[in-house]
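Biologist: Hello! Could you show me how to read a structure like this one, one feature at a time?

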Amino acid sequence: MQKSGATVSRWPTFLGYGSGDFALNLFWQGTGFYLFYFLTNVSGLSGTVVGTIFLIASLWDAVSDPMMGYIADRTKSRWGPYRPYLLFGCLPLSASFVLMFTPVSFESELALILYAIFVLMLFRTAYTVVSIPYSALGARVTRNFDGRTRLAGIRMYFGFLGGVCVSFTAKTLQESYGDAAAFSSMAMIAGVIAVVVLLVCFKTSHESANPINTQETPTSARESIRAIMRNKPFFLVVGGISLVTIATSTVGQTMLYYFESHIGDRSSGNTAIIIMSAAPLVTIPLWSALTLRVGKKNAWILGSIIGALGLGMLYFAAMNALYFAYLGTIVTVVGLSAYAVIFWSVLPDTIEFGHYLSGIKSESFLIGIASSFQKVSIGVSAFVIGILLDQTGYNASLPASQETADGIRDIFTLIPIGALLASAALMIFYPITAKSHADLVSKLQDRLK
């Protein structure tokens, strides 16, 4: 494997780039763990309505994410095509996050629903404007196959650290204040910190000197789409991560409900969320090292199996079996944290595979498409969760019956288990290896000489 200066970026750039995911995960984990619960238990909306709101926002993401990618690929500035969005997008993103967790009251439920849809779509748009260029920038920080695994590990380490901070803040505030004040304060604290960190990321992130990073004349959308359709590895990865996203979003959105109804202690649900956020700080370096040894495909499949085993433990956890439930949570997150490293390591490889195959380079557009599939998966899973939650008979103001608790347990465990195993089966067919990737990068470089 070549390790020339053209392919290996400096560690300060790796760390500076990775810090951006700390900020983005203050927003993403805060939304993933708490917004569904906030809208049902603070705003008073039904699960079906909340699920529908999430689905509507995700359908908008399906359009806006590729659109943002297309725009970012064609952006020209003294900072390159992607970094300006970190600079100018951080304040609107922070403001929309705060607005989303600010309790409001309306005379009619319809007005509240329309407001919730508007605010969530505003946040998701602002998040897209920052996160799609940020992710595309990662594909240019290093072109080295193993270097990408290290970069993804650093990025995800920062990301989960952001998740720990936002979940710990939420738990601490909920122990002292009501849910409305706690979630609102959490959002304001996270918003201020995220702005500062994104500005640091903008200042310290730089593209590598690899000649593949040189700006090319952008192709039309039709040509780009035609090239994407030939990229089998890309669609395998997108399909795999969409299934994983269904699993992770289902776990995240129903964690508090599961511990509240099935284990019998909502406060322990907040502790479990902290575990979900904190355990990857230990496991991500291990997954990075393991992935370098066994390969990205094998590590992905192993992560799926471990995650499914952990969820199986949570399925069989008895009422008040708190520490067994914590153990199941730890095993689950050990498995799920694999994707944090592997996805952002493997996705740029598929982008270069497509570049080699078609001669068309469009990092941000492809990442936008991958992101849109992920977010639609979140919306679909939230929609299904909302319907199923109502069917269990869940009522925020009443203790859960045994039937309700069992139904929530089934949602929390069985749906993610099925999705994880399906993802593992799909990735069996993933073809790119370290050797084949090194060969295609070398050929891409030769084209530019």
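Predicted model: local features only at pLDDT ≥ 70, side-chain atom pairs only at ≥ 80, totals over all residues.

Biologist: Thanks! In which helix is serine 131 placed?

Modeller: Serine 131 sits in helix α4, which covers residues 109–141.

Biologist: And is serine 131 buried or exposed?

Modeller: Buried means under 20% relative accessible area. Serine 131 has a relative accessible area of 6%, so it is buried. Leaving out residues up to four places away in sequence, serine 131 touches Leu24 and Lys375.

Biologist: Let me try another residue. What does methionine 156 touch?

Modeller: Methionine 156 belongs to helix α5 (residues 145–176). Its relative accessibility is 8%, so methionine 156 counts as buried too. Apart from residues up to four places away in sequence, methionine 156 touches Asp21, Ile284, Ala340, Val341 and Trp344. Sequence separation and spatial distance can also be read side by side: methionine 156 and tyrosine 339 are 183 residues apart in sequence, with 9.5 Å between their C-alpha atoms.

Biologist: What about two helices together? At what angle do α9 and α10 pack?

Modeller: Two packed helices are described by the angle between their axes and the distance between the axes. For α9 (residues 266–278) and α10 (residues 280–294), the angle is about 25 degrees and the axes are 6 Å apart. Angles under 35 degrees count as roughly parallel, and α9 and α10 are therefore roughly parallel to each other. In this contact, Ile275, Met276, Ser277 and Ala278 of α9 meet Pro280, Leu281 and Val282 of α10. By class, these residues are six nonpolar, one polar and no charged.

Biologist: How are α10 and α11 oriented to each other?

Modeller: α10 packs with α11 (residues 296–316) at about 130 degrees, their axes 7 Å apart. These two helices are therefore oblique to each other. Their contact has six nonpolar, three polar and one charged residues.

Methods:
Residues numbered from 1 in each chain as written. Heavy atoms only, no water. Axes fitted to C-alpha atoms, helices over the stretch in contact; angles between N-to-C directions. Helix = DSSP H or I, 4+ residues; strand = E, 2+ residues; numbered from the N terminus. Parallel < 35°, antiparallel > 145°, perpendicular 65-115°, else oblique. Contact = heavy atoms within 4.5 Å. Nonpolar A, V, L, I, M, F, W, Y, C, P; charged D, E, K, R; others polar. Buried < 20%, exposed > 50% of the residue type's maximum accessible area, 1.4 Å probe, protein only.
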